[in-house]
Amino acid sequence: MFKKIQQKILPNEEKPEYNPPKIPVPPLKNDFINELKKIIHSPADLVIRFVTNNITIAFIDGLIETQSLDDNILARFEDTSDETPSTLRERISIPEVNVFDEMIQCIDEMLIGAVLIHINGHPQVVLAKIPSYEKRSLEAPENESQVIGTQVGFNESLNTNITLIRRFITNPNLCNEHFTLGKETRTSVSVLYIHGIVDEKHVNTVRQRIKDLDIVDLIDSAILAELIDDSSSSIFPQTLLTERPDRFCDGLLTGKVGIIVNGSSMGIICPFSFLEFFQSREDQNLRWPIASFIRLLRFAAIIVSIFFTPIYVASLTFHYEVIPQPMLVPLSESRAIVPFPPIIEALFLELVIELLREAGARLPTKVGQTIGIVGGIVIGTAAVQAGITSNILIIIVALGALASFTTPNYMMGNVIRIIRFPIIVLAGFWGYYGIMLAFCFLLIHLLKQSSLGAPYLAPFYPPRLKDWPDSIVRLPLPFISRHSVNSRSRKEIEKSKKKKNTKKQRQNSNLTPENKEKVIE
Amino acid sequence: MKKTLSISESELINAPLLFFIINACQIGVGIHGFQRLIYQDAKQDAWISVIISFIFAHFIVFIMIKTLEMFPSNDLYGIHQEVFGKFIGNFFNLIYIFYSSFAFLVVLKNYIEVINVWIFPNLSATFLGASLLMIVIYAFNGGFRVLVGICFFSFICTLWVPSILFIPMEYSEISQLLPLFDNHLKDIIKGAYAMTFTIIGFEIINIVYPYVKEKNKVQRYVHLGLFATLLLYLSIMLISLTYFSGPQLEKTIWATLNLFSIIKFPFIERVEIITICLWMIIILPNLCLFAWSTHRGVIRMVNISSKKFIWIFSTVMLIFILFIKSRSQINHINNIFSHFGFVVVFVYPLFIYLMALIRNSFLKRKRTN
């Protein structure tokens, strides 16, 4: 149904491609300057300088490196009248110098950090690319912190992010395809994958979906992630957004496709399965029994987080007989003065927790602590004393909220918390039967989802026994086939069929965390 | 309509999944109270009846798959049309469609009855039916792979249930199984016949077969699935026979649920309330695959989209549910269904196998001539 509505909102008609009018470069100096100013509406940061009688240079202040301009361009000019664009091009000693004869193209380049050099009398412009990237320094990732492992996160510059990835994977097979997205913003987007490991099918899908996009602006990778999702109407994220380069490279090395958007500090990894959202990079760095324990803990946390409050509501509304007598006494005592039915009580408390979380996320860090105190102590204790809620429900709700924060992915953690609300309502009306309805609905919904056409519930359904050692537990590394069957290329499958040099291959492809750290050092 | 199926590569499933399909389709509402029906005939040898019925089921499944192997890319509906021609074939198809939808109705109504009796006496059957049908519609629209996925997760989610059934064993009395073979063989066979209602479900292989990737492994996994069900039924039967006394068992409609109800944990009592609700995920594959089986037959005769079909089908089923009200009516319908099911599942495959053999040899002779 959603798809139909979507199609109505966004009619899928073929739109004409973006074709700006072609304006030739005027040969005369003054004409060139006038034309230039006309096209980009003479902004205040446009710099036009006359170097000699013949030569004019133009650039946008702040987008280029002035040091390089002095050393490599201005110092190379000779005051001769027989200067031509081609001779000038040879003399300028920077990597990227081009000659263009079309104004719009020149200005596009100028806006990403090129210097225009115009010689009077020639209908061409020499373009020297010396962009300067204003960027934040590399910092530890804040949203996906981990105790053991590399402490470096992406920043907002596309080039820096790709450099970071190349530090991890020094491999000629690492492919980088460039796209420009957004009619107004013209944002650079890079699609990365490792040739030979990746399933070409996935690369083609990503390429096709990006090419099919017809959008006005692209400010963040999260928007791109939603746009290329299989089903954007689902509440579940189908692509991973990560700010950790090691997680990103992990994805590439397991045969996934990565996307980096300029100006966004989060990379996209796809296809991604439901289970992988609950795994953390750190699981690979810890010893396997500990990693397995933590993973199992996380899965228990999901179940607690989704079903604990609904079970409380259902039990106290309909199924008193399920609770043993010794437990029933404290429960009814704590509920004795509460005037509401359990469903109202639970919804109220859940909303309070959500309010606290949202307030904590929006406020500055220093005030955020105060919010914790206000919420936890003042509202919690006062609500019980005022007789609005029961003690036990506060414990259950707090436990549920706490459990939802163990999910290593912020997007998925949100989902886990939000889907509790409809289940509480169903539990309040139809008890365990309502919870079961919600569970079945959820299960079918998850079964229906796919990520880039790959099944969302893999490796459990369809069952891929080979991937099970690295699913809800993590067995020792030799048990883990590095590339999940889901995203292996043909070549890889043939190799494993032959079963030759399997051990060697595993060692090669199994970049241990220690090695990776060495690489980044 | 077209005679052979065209199934896209993405719709095919791996043979091991057949294990879950067979298992999920067999276990449904019958397991709640099959002990009484069998005990009535076979007394303390009821467990032998269970084994006999399964031996017969294994044989029938073997014949079924042999028949299907003669027409590798066709389901039972297509075989009907090929063997009997279009007109008579469609008549048989109608019977099978009727059987599938009847099975759907019986499963749905029995589950609603259990919920009404054990948990929510006041919740209307219309609501329960409608909510279950909504889930079925939602699953059905996901396509065949989603339905198989439900079978798989139905198995996984309920793996723990049999293990807690061993708790009542501490009150069981082994001597109640003695004397062995005290009853007449005829009674034991009769008991096996009474198993029909509980054991059927594996005939879904008739429809699933063309969707399986590795056809040579079908036999193995279908028999494995059957065997797993046998183990479950047999252990429940043995526990019930030793836990309940004879007259008690004759009066208990839902013996398995009664077994659940005495289980106690420090934090939970009356486990049957939880398991009955959990049973939704066990009957869901039943409902989905029976609806799907009906759909496969209907599209051979009428050109209808699957979305339209499931809505019409669900509406019809909901109307039927409203007509069946009392427990005696349900018993009556269960009775009719188990006789009808015996003919369709246990007798008819032999007939169609013979017909297919005759047709094939006839065709061969024709070709050599």
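Mentor: Before we look at any span, note that a helix here is a DSSP run of H or I of at least four residues, whereas a strand is a run of E of at least two. Keep in mind as well that this is a predicted model.

Trainee: With that in hand, how much of residues 368–386 of chain A is helix, and how far apart are the end C-alpha atoms?

Mentor: Residues 368–386 of chain A are 95% helix and 0% strand, with 25 Å between the end C-alpha atoms. The UniProt entry, which is unreviewed, annotates this span as "transmembrane region", together with residues 296–316 and 423–447 of chain A. Residues 296–316 of chain A are 100% helix and 0% strand, and their end C-alpha atoms lie 29 Å apart.

Trainee: Which residues of helix H6 of chain A are buried, and how should I read their placement around the axis of H6(A)?

Mentor: The general idea is that an α-helix has 3.6 residues a turn, so residues three or four places apart point the same way. In helix H6 (residues 158–168) of chain A, the buried residues are Leu158(A), Asn161(A), Leu164(A), Ile165(A) and Phe168(A). Viewed down the axis of H6(A), these buried residues fall within an arc of 125°, so they line one face of the helix.

Trainee: Turning to strands, what is the order of the open sheet in chain A, and which strands stand at the edges?

Mentor: In general, the strands of a sheet pair through backbone hydrogen bonds, and the pairing is either parallel or antiparallel. Chain A has an open sheet of 5 strands in the order E1-E2-E4-E5-E3, with antiparallel pairing. Strand E1 (46–50) and strand E3 (97–100) of chain A are at the edges with a single partner strand each, so one side of each has no neighbour in the sheet. On average, and ignoring direction, neighbouring strands of this sheet are turned by 20° against each other.

Trainee: How many bridges join E1(A) to strand E2 of chain A, and what is the bridge partner of Phe50(A) in E2(A)?

Mentor: Strand E2 (residues 55–60) of chain A runs antiparallel to E1(A) and is joined to it by 5 bridges, and Phe50(A) has Thr56(A) as its bridge partner in E2(A).

Trainee: Which strands does helix H5 of chain A lie across?

Mentor: Helix H5 (residues 103–110) of chain A lies across E2, E3, strand E4 (114–119) and strand E5 (125–129) of chain A, and its direction is at about 140° to E4(A).

Trainee: Finally, how many helices and strands has chain B?

Mentor: Chain B has 16 helices and 0 strands. Its radius of gyration is 21 Å, close to the 21 Å that the globule rule gives for 369 residues, so chain B is as compact as a globular protein of that length.

Technical notes
Residues are numbered from 1 along each chain as its sequence is written. Chains are lettered from A and ligands numbered from 1 in the order in which they are written. This is a predicted model: local features need pLDDT of at least 70, side-chain atom pairs count only at pLDDT 80 or more; totals for chains, interfaces and linings use all residues. The radius of gyration is taken over C-alpha atoms; the globule rule is 2.2 Å times the number of residues to the power 0.38. Two strands pair if DSSP finds at least two bridges between them. Axes are lines fitted to C-alpha atoms, for helices over the stretch in contact, and angles run from 0 to 180 degrees between N-to-C directions. Two residues are in contact if their C-beta atoms, placed from the backbone, lie within 7 Å. UniProt positions are given in the numbering used here, feature names are shortened, and annotations may be inferred rather than shown by experiment. A residue is buried if 20 or more other C-beta atoms lie within 10 Å of its own, exposed if 12 or fewer, and partly exposed in between; C-beta atoms are placed from the backbone. The arc is that of the directions from the helix axis to the C-beta atoms.
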